[in-house]
Amino acid sequence: MKASTIKTFTDVHTWTGLGAGLALFIAFYAGAITVFTHELDAWDNYGIAQSEAGDIRQANELLSEVIATQPVAGETIRLNISSPEHPGNHVMWFERLEDGDFKRHDFHLNEDGTLDTSGNTSELAGFIYALHYNLGIPTDWGLWLLGVICFIYGIALVSGVVIFIPNFVKDIFVVRPGKNKKRFWLDTHNIVGVLSLPWHIMFAWSSALLAIAIFLLAPFQLTVFKDDITSRLAPELGVVQAPEPSGIPGAMLTAGALLDIARLEVPGLEPTQLRVSNVGDSNATVRVIGKTHSEHMEPYANIVMMATDGRILSVSQPETASAGATFYRGLIALHFASFGGYLTKWLYFILGLAGAYLFYSGNLLWVESRRKRRSQQQTPASLFLARLNSGVCIGCMAGISAAFLASRGLADLADRAYFMKGAYYGVFFAAILWSFVRPVATGTRELLQACALLTAAIPILDIALLDTTPWSAAAQGHYELLTVDLMAIVAAACFWFMAAKLNKRAISGDPNSVWAAHPTSPHGTEATVASEGTQ
């Protein structure tokens, strides 16, 4: 391959990586955690009074009470059916506010049968999941932005492969540690990228498709189809549009009766949720969602029926799904690791962290490649990216740990979710500010140490505030508490180890680097400073 061609693809890879790297670090780090969304939700709710697994009669009473007493007419409400993993039936719906945001309402029945309207304040798992798909930008703009970034991410993948091909056999499993830190970072960057390439291709493609599919369909809508293209695609994907409200009141069947009808349509169905649209209207519909015993990658079934008489509108299950629905559900299963049990979840977790490392190390390589090796004073661009890389990446990790602490420590507050989100954003932006007001190496070391301390505090707070120890909970079959605490301890140790190694690098490494510690540095006078292990 010509040297000019390699250079062109190197430039493309560099600039697409820089353009997408920081956002993708947040998406991948948060995404690795959200692989265990259900387990995280169980950890977040541990110690909070919950109703035990209720029977279907209780579900009937709960749904009827919510419809009768709450302003849900014409809305869509969800009945989450009790299961051993999530005991207690509960109803939730989202109220659209004047500013376009949504307010969540949660209800369950007290032991005496009265409706509890205090709501569920546990939103940690949902918030970290939102960081994964919208980067913490709480509007559709965040989702669309990430979709565009995933296109750029795909270009970076292709160009990276082209760059690596000429040295594929020679460099595929080679890691060269030593004084040349740039070579070490490049080797590890290449290995992580190549070994996880199929997964990255799937993720870039599926992320873009799920985030901005509406924009991808726009050219076909404008040039090919005269009618609404979504009306053609919906049936192919197993989605049935609910009838328009009639304006005539109508009483719906009980939850038990609707579930019985769904089980007749899909034998062996294990229902997990009912979604009622157009509540209180004669054209109200119900979607029953549940698991089947199918061997397909995506074992979920959907049965849509009229809520007033149980008339079936559509049945979508793995064995009878169309090719489009099978493809779409398979793509979702691949993206969200909803197949293969815990083995797949742990694999995705490791790949997610490796992906975050890929983008982090790519930025470090850019800084190192533009280092002035004969000058202590580095370029403003190198200093800026080094600071931003430390602030955003370490700030994200520290912010998520702070969100864990706030959610556990403020579990009894009605505004728990508000303070939890505030903890993340406060730590995240404080970290970015800190990285710009402190010398690069010093600030990075301090951020890593702060991240380690925040993460180590998670199991400490669990032991201090809960009425049981993590190991006692595990002995009773609740492994989520012990798992989260052990992972926090390991992560804290890793952060502290990196801070120590980077401190050593700053003192004894190449003095002509943005990460070096200089006794008379123009950025400060500290001699004992650290970088983030950048080299």
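Is Cys-150 buried or exposed? Cys-150 is buried in this predicted model, and its relative accessible area is 5%.

**Figure 1. The whole chain, for orientation.** The chain of the predicted model contains 17 helices and 8 strands. Of its 535 residues, 46% count as buried. Among contacts with a separation of 6 or more, 67% are accounted for by residues 24 or more positions apart.

Figure 2. A disulfide is a covalent bond between the sulfur atoms of two cysteines. The count of disulfides in the model is 0. Cys-396 is in no disulfide: the nearest cysteine sulfur belongs to Cys-393 and is 7.8 Å away, whereas the cut-off for a disulfide is a pair of sulfur atoms within 2.5 Å.

Figure 3. Helix H1 spans residues 3-34 and helix H2 spans residues 37-45, with Phe-36 in the loop that lies between them. Phe-36 has a relative accessible area of 10%, which means that this residue is buried, since the limit for buried is under 20%. Residues up to four places away in sequence aside, Phe-36 touches Tyr-342, Lys-345, Trp-346 and Phe-349.

Figure 4. Helix H12 covers residues 341-369 and includes Asn-363. The relative accessibility of Asn-363 is 2%, so Asn-363 counts as buried. When neighbours within four places in sequence are left aside, the contacts of Asn-363 are Gly-17, Leu-18, Leu-22, Leu-385 and Asn-389.

**Figure 5. Close-up of the contact between helices H13 and H15.** Helix H13 is formed by residues 380-409 and helix H15 by residues 440-465. Their axes come within 9 Å and cross at roughly 10 degrees. Angles under 35 degrees count as roughly parallel, and H13 is therefore roughly parallel to H15. The residues of this contact divide into 17 nonpolar, 6 polar and 3 charged.

How values were computed. Residues are numbered from 1 along each chain as its sequence is written. This is a predicted model: local features need pLDDT of at least 70, side-chain atom pairs count only at pLDDT 80 or more; totals for chains, interfaces and linings use all residues. Side-chain values use heavy atoms; hydrogens and water are left out. Buried means under 20% relative accessible area, exposed over 50%, partly exposed in between (1.4 Å probe, protein chains only). Helices (H or I, at least four residues) and strands (E, at least two) are DSSP runs, numbered from the N terminus. Contact means heavy atoms within 4.5 Å. Axes are lines fitted to C-alpha atoms, for helices over the stretch in contact, and angles run from 0 to 180 degrees between N-to-C directions. Angles under 35 degrees count as roughly parallel, over 145 as roughly antiparallel, 65 to 115 as roughly perpendicular and the rest as oblique. Ala, Val, Leu, Ile, Met, Phe, Trp, Tyr, Cys and Pro count as nonpolar, Asp, Glu, Lys and Arg as charged, and the others, Gly among them, as polar.
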